[in-house]
Every structure is written in structure tokens, then in C-alpha cells.
Amino acid sequence: MNNTYQKLLEPYTFAEGFSVKNRIVMAPMTNFSSNPDGTVTDEEVNYYVRRSKGAGLVITACAYVTPSGKGFHGEFGSHSDDMIPSLRKLASSIKKQGAKAILQVFHGGRMCPPSLVPNGDVVSASAVPPEQKTPTGEQPVPRELTHSEIEEIIRDFGESARRAIEAGFDGIEIHGANGYLIQQFFSPHSNQRDDQWGGSLEKRMAFPLAVIDAVTAAVQTHAKEPFLVGYRLSPEEPETPGITMDETLGLMDELVKKKLDYLHVSLMDFWSVPRRGVDDNRSRMEIIQERVGDQVPVIGVGSIYTAEDALKALNTGVPFIALGRELIIDPDWVQKIEEGRASEIETKLRKDAQEELVVPEPLWQAIMNTPGWFPIEN
């Protein structure tokens with residue numbers, strides 16, 4: 001192995017004694033390949049198995065915590081105990097390859113296509129349509145959730161944590177990023193409430209923090225051994241009004257108080273800089289890492305392909321680097337570094353490599369039909 005990259009392969013031990021073998025994380029990526037009833041397919045399991053031999057942590061695609069939160073065709077669920085055998089199959093398959101398995105859970109909120117939720121009843125913090133289109137090309141006007149419905153969804157997140165424990169996962173990641181329901185409550189664009197769940201910055205934090213409390217309570221009650229709880233967030237929104245960097249730093253301060261096991265920052269580019277809210281020309285990741293310090297580990301992500309890319313990002317001080325598209329392009333990324341073959345890492349997707357890379361057909365078609373999503377060999 002080239003000692004230049006040794007830092008990427010160093011083990012890490014979390015506060016409660018939970019250890020992982022290196023600093024590389026497989027980022028959560030929707031693969032559109034589950035069964036219509038929310039169970040995991042064999043093709044999906046094989047896709048994860050192919051990518052779980054190298055990374056220390058594997059974070060799954062998001063699982064919906066309640067039927068009203070299903071955001072994509074071919075998405076698997078954690079919404080009922082009937083899903084536990086399916087989840088157990090996925091967790092055990094990942095862990096057998098040597099990685100720790102983390103279940104990401106979410107509710108799609110106003111980004112749910114009406115055709116995927118019961119009675120087409122799309123819900124959110126407020127009755128404000130998204131500026132972006134759902135995966136099926138719609139921009140539904142959601143129904144504002146009632147107080148009792150909000151409390152029920154909070155409980156649903158806690159129940160999904162219990163199921164993740166029973167299924168044998170090593171942890172759970174709360175998906176508070178990418179414009180889905182948790183972020184919708186934090187955002188001044190989508191949350192225009194004037195009750196305890198919206199209005200001021202502090203009240204817009206109430207739902208995310210309540211979800212964290214429900215999940216950590218479930219872990220304290222049901223986990224018999226260390227079980228990670230992470231939180232993923234998007235630091236800014238393009239909408240006006242929208243989440244700004246200074247608001248996110250305020251949220252970070254509250255997240256740190258929750259004694260989470262990690263924070264995961266969702267970015268398309270690790271080195272992107274703030275739009276507004278702070279007078280700082282450093283990258284968002286550097287600003288966040290400085291704010292958090294060593295209080296909680298941070299996972300950075302975004303357009304990291306080569307070993308050099310990953311090492312440069314790790315040298316900002318973040319303890320972990322997540323690879324998303326790159327682990328689809330080259331599932332042997334970590335092994336090549338371990339074997340001193342970093343120069344052989346592939347950074348462009350070959351159009352004839354679907355079978356070799358074990359990519360399910362729905363995901364492969366999504367990649368091939370979304371220009372600019374992946375670097376593809378000509």
C-alpha cells in the first residue's frame with residue numbers, strides 16, 4: 001500500500017466504543033430497485049454486497065417510516081414489523097462483507113409523488129408546493145399536517161429505529177436533508193406555520209429535534225449493544241426564503257447537544273461555498289467542521305472520486321469521507337488503495353459494465369437517462 005493514503009484506512013472508534021475499520025463511508029443512494037410492497041429485492045442485496053467489502057460504514061438508501069412518506073418507485077420500507085425480515089436480510093448481507101450497516105430513514109413530505117402515497121394525500125409542514133418536481137414530474141400542493149399527525153410521524157421514526165435494531169443493523173441515520181419532510185419543517189420556504197412547529201428559527205427546529213429524541217429513546221430502550229444514531233442535513237437551500245448557512249450553524253449547535261454519534265453533510269461538491277448567511281469564503285464543510293470541532297464526528301461528501309480527492313477532503317479535519325457515485329463506478333475503490341493500486345481507480349462509468357458492477361436495472365436506467373448525473377466514458 002502507498003503510505004500516502006494510510007490516513008484513509010485508519011480505524012475509528014466512536015464515543016461508546018463502536019469501531020469501524022476505516023474512514024470511508026458508502027453514501028446513501030436511492031436505487032429504485034425494491035419490490036412494490038417495500039421489501040428488498042435480491043438484485044438490491046447483491047448491489048450492496050458488491051460494495052460492502054471495502055467501506056467501514058455502509059449507509060443504505062432511505063427507507064420510508066410510514067406509507068405517507070414513500071418518495072420513490074422501488075423504495076424499501078421500515079414502516080411496519082412486516083418489513084423486519086426484509087431489513088434483516090439487507091443488514092446481514094452488508095455485515096457479512098465486513099462493513100457496519102446503517103439504515104437511513106425518512107419521510108418524503110411534499111416531495112412524494114401522489115401516486116405513491118395512500119389516497120394521493122401528500123403532506124408537509126405547510127400547504128406550500130415545492131419549487132422542484134417530484135421524481136414523477138409533479139409539483140403537488142401538500143396538505144398541512146395537524147398536530148396529532150406530526151406527533152404520529154415522530155413516533156413512526158422511533159418505531160423504525162426499533163425495527164432497525166431488531167433487524168440487526170448497527171445504526172440508523174435520520175434523513176434531514178435533500179428537501180424531504182424533516183428539512184421541510186426546518187425550512188422557512190416550506191414551513192409557514194405559526195404554532196409550536198413553525199415561525200421562529202427555534203420553532204422550526206422543533207420537529208427535527210423531536211424526531212431525534214424519539215429515535216434515541218427507542219435506541220436506549222431496545223438496543224442491547226452500541227447502536228449509532230446519525231443525522232444528515234443539507235446546509236443551505238436555493239429558494240428564497242430558504243435555509244441559510246447561519247441558520248444551519250444554529251441547528252448544528254442544537255444537534256451537538258443531542259450527543260449524536262455523527263453528523264452527515266449532504267453536498268454535491270465537498271468544496272462548495274456558502275450562498276448567504278455568513279461572511280466566509282471557505283467551503284461549507286470547513287465552516288461546519290470548525291463549528292462542531294471534536295464534539296461529534298462529521299461525514300463529508302460530494303464529488304470525491306480519486307484517492308487524492310479523498311485525502312484532501314479528510315485533511316480538512318472531518319473524520320469520515322462518504323463516496324456515492326464513485327462506489328457505483330468502482331466498487332473496489334478501498335481495496336485498490338489497500339493493495340497499492342490507487343492509480344487503477346476508475347472515475348468514469350463504463351457503459352458496458354452494468355453486469356460487472358452489479359447495478360440493478362432500474363438504477364442503471366436512471367443513470368443512463370439522467371444527463372450529467374455521472375461522469376461516463378465516451
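Is F32 buried, partly exposed or exposed? I began my notebook with this residue. F32 counts as partly exposed, because its relative accessibility is 26%, and that falls between the 20% limit for buried and the 50% limit for exposed. I kept in mind that this is a predicted model.

**Entry 1**

I looked up where F32 sits and found F32 in the loop between β3 (24-26) and α1 (42-50). Its phi is positive, about 60°, although F32 is not a glycine.

I then turned to S303, which also has a positive phi without being a glycine, and here the value is near 55°. S303 belongs to the loop between β11 (298-301) and α9 (307-314). I noted S303 as partly exposed because its relative accessibility is 33%.

**Entry 1: a cis peptide bond**

Which peptide bond did I find to be cis? The bond from T240 to P241 is cis, and its omega is near -5°. I traced P241 to the loop between β9 (228-233) and α7 (245-257).

**Entry 2: the barrel**

Next I followed the strands. Eight of them form a closed barrel in the order β3-β4-β5-β8-β9-β10-β11-β12, and the pairing is parallel. On average, neighbouring strands of this sheet are turned by 30° against each other, with direction ignored.

**Entry 3: strand β8**

Then I checked what β8 pairs with. Strand β5 (residues 100-106) runs parallel to β8 and is joined to it by four bridges. One pair I wrote down here is L103 with its bridge partner I172 in β8. β8 is also joined to β9, again in parallel, by six bridges. For that pairing I noted G176 opposite L233 in β9.

How many bridges join β10 (residues 262-265) to β11? I found two, with the strands running parallel. H264 stands opposite I299 in β11. I also saw that β10, helix α8 (residues 284-292) and β11 make up a right-handed β-α-β unit.

β11 pairs with β12 (residues 320-323) as well, in the parallel sense and over three bridges. In this pairing, G300 stands opposite I321 in β12. The chain goes from β11 through α9 to β12, and I recorded this β-α-β crossover as right-handed.

**Entry 4: a serine in a loop**

I moved on to S272, in the loop between β10 and α8. Is S272 buried or exposed? S272 counts as buried, because its relative accessibility is 16%, which is under the 20% limit.

I wanted to know what surrounds S272. The side chains of S272 and R284 are joined by a polar contact of 2.7 Å. A polar atom of the S272 side chain also lies 3.1 Å from the backbone oxygen of D269. Setting aside neighbours within four places in sequence, I listed L267, S283 and R284 as the residues in contact with S272.

**Entry 5: a lysine in another loop**

My last stop was K259, in the loop between α7 and β10. I marked K259 as exposed because its relative accessible area is 73%, and the limit for exposed is over 50%. How far apart in space are K259 and G230? From C-alpha to C-alpha I read 9.7 Å, for two residues that are 29 residues apart in sequence.

Methods:
Residues numbered from 1 in each chain as written. Predicted model: local features only at pLDDT ≥ 70, side-chain atom pairs only at ≥ 80, totals over all residues. Heavy atoms only, no water. Buried < 20%, exposed > 50% of the residue type's maximum accessible area, 1.4 Å probe, protein only. Pairing = 2+ DSSP bridges. Right-handed = clockwise from strand over helix to strand, strands pointing away. Axes fitted to C-alpha atoms, helices over the stretch in contact; angles between N-to-C directions. Polar contact = N/O pair within 3.5 Å; in protein donor to acceptor, adjacent residues only side chain to side chain. Contact = heavy atoms within 4.5 Å.
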